[in-house]
Amino acid sequence: SAANVFINRSISMAGTGASQLNIVSPGTVTFATGATLSTSAAGRWRVWAPTVVNAPVAGPATNLYGCVFGDTSTCSVSNITLPTTGNQLLHPTQPTLTVTANPAIGYIDLALPALTFTTTGLVNGDTAAGALAGSLTSAPSGTGTYAISQGNLRSPLGYNVTFTPSTLTLRPGITRQMLQSSFQAELASDVYGRNLDQPYICTAASVLRGSLADDKQNDPLASEWGKVRNQPQLSGCLNVTDGGSCSAF
C-alpha cells in the first residue's frame, strides 16, 4: 500500500546490546517537530522510505540511495555497501548527481594543479564532500592539452553519478633566463631603461647642476624619490662613481 507513517512523539529504545529499530513506509515518513529517535550505545535505527520529512530532527543519520527494505549487505538498486553501524535514512530511488570537471592550467617542472569540479543534483541536505569519494585524473606527458577524466570518483551514498569531462593544459615552465631576456628586451622605460641592467636615471646630484640648482622652491631629492616610487627598478644598484651625471648611465 501507499500508507504513510507519522511519528508524533519521541521514541527511545530501552534494549541493551546491538538492538535495531526499522521504520518502513512505501510513501512518506514524517517526524513531528521535536520528535526524536534514541537508542542504546550499541543500538541503531533505520528509516526505509522514498521521502522522509524533518529527518534532521530525528537525530544524526546518513542518507543512502538505491536501497530497498530487505537488502542486507548491499543495496539492490545502487550496489553500494550497507553500513553495519550508525543510523541511516534509506531511499529506494537513486538521484542523479552531475559532476563537471573544471578546466585547469599548469606548467612543466611544477606540481600539477589540483583537479577540481562542481556538482549539481544534491538532495536532502547532502554535501559534495559526503556524497563523493575519490578523485579526478589526467595523464599529461609534456606541454599540450589533456583530458580530465572521472578517475575513481564515485558516490558512497548511492547517487547515480554522471560526469562531464574537461581539459588540463600544460605550458612551458618559466625560467629565470626567460624572464631576464624578456626584461632586457624592453628599452621603453621612461626613467630606468633596462630594468635588469644598470638603470638610466639622472640622480639628484645631476639635477642640482641643472636649472633647478638656483630654484630654492624645488626639492630635487623629493623629485627623484618620486620617480623611484612611481617606477621601482629591479636591480637595486646605481653607478654613481662618475659624480652622478647623466653620462654615468
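Reader: What makes C67 and C75 a disulfide in this structure?

Author: In this predicted model, the sulfur atoms of C67 and C75 lie 1.9 Å apart, and because a pair of cysteine sulfur atoms counts as a disulfide within 2.5 Å, the pair qualifies as a disulfide. The structure holds 1 disulfide.

Reader: Why is the disulfide of C67 and C75 called right-handed?

Author: The torsion about the S-S bond of C67 and C75 is about 80 degrees, and the disulfide is therefore right-handed.

Reader: How do you know whether C67 and C75 are buried or exposed?

Author: Buried means under 20% relative accessible area; C67 has a value of 1% and is therefore buried, and C75, with a relative accessibility of 1%, counts as buried as well.

Reader: Why is N79 called exposed?

Author: Exposed means over 50% relative accessible area, and N79 has 62%, so N79 counts as exposed. N79 is found in the loop between β8 (62-65) and β9 (88-91), and has a positive phi of about 65 degrees although it is not a glycine.

Reader: What makes N124 partly exposed?

Author: The class lies between under 20% for buried and over 50% for exposed, and N124 has a relative accessibility of 48%, so N124 counts as partly exposed. N124 sits in the loop between β12 (117-120) and α1 (128-131), with a positive phi of about 55 degrees although it is not a glycine. N124 is also one of the residues that line the second largest pocket, whose volume is about 160 Å³ and whose lining divides into 5 nonpolar, 4 polar and no charged residues.

Notes. Residues are numbered from 1 along each chain as its sequence is written. This is a predicted model: local features need pLDDT of at least 70, side-chain atom pairs count only at pLDDT 80 or more; totals for chains, interfaces and linings use all residues. Side-chain values use heavy atoms; hydrogens and water are left out. On a 1 Å grid over the protein atoms alone, a cavity is a set of points where a 1.4 Å probe fits but cannot get out, and a pocket is an open set with protein on both sides within 12 Å along at least five of seven lines; lining residues have an atom within 4 Å of a point. Grid points are joined across faces, edges and corners, and a volume is the space filled by probe spheres set on the points. Ala, Val, Leu, Ile, Met, Phe, Trp, Tyr, Cys and Pro count as nonpolar, Asp, Glu, Lys and Arg as charged, and the others, Gly among them, as polar. Buried means under 20% relative accessible area, exposed over 50%, partly exposed in between (1.4 Å probe, protein chains only). Helices (H or I, at least four residues) and strands (E, at least two) are DSSP runs, numbered from the N terminus.
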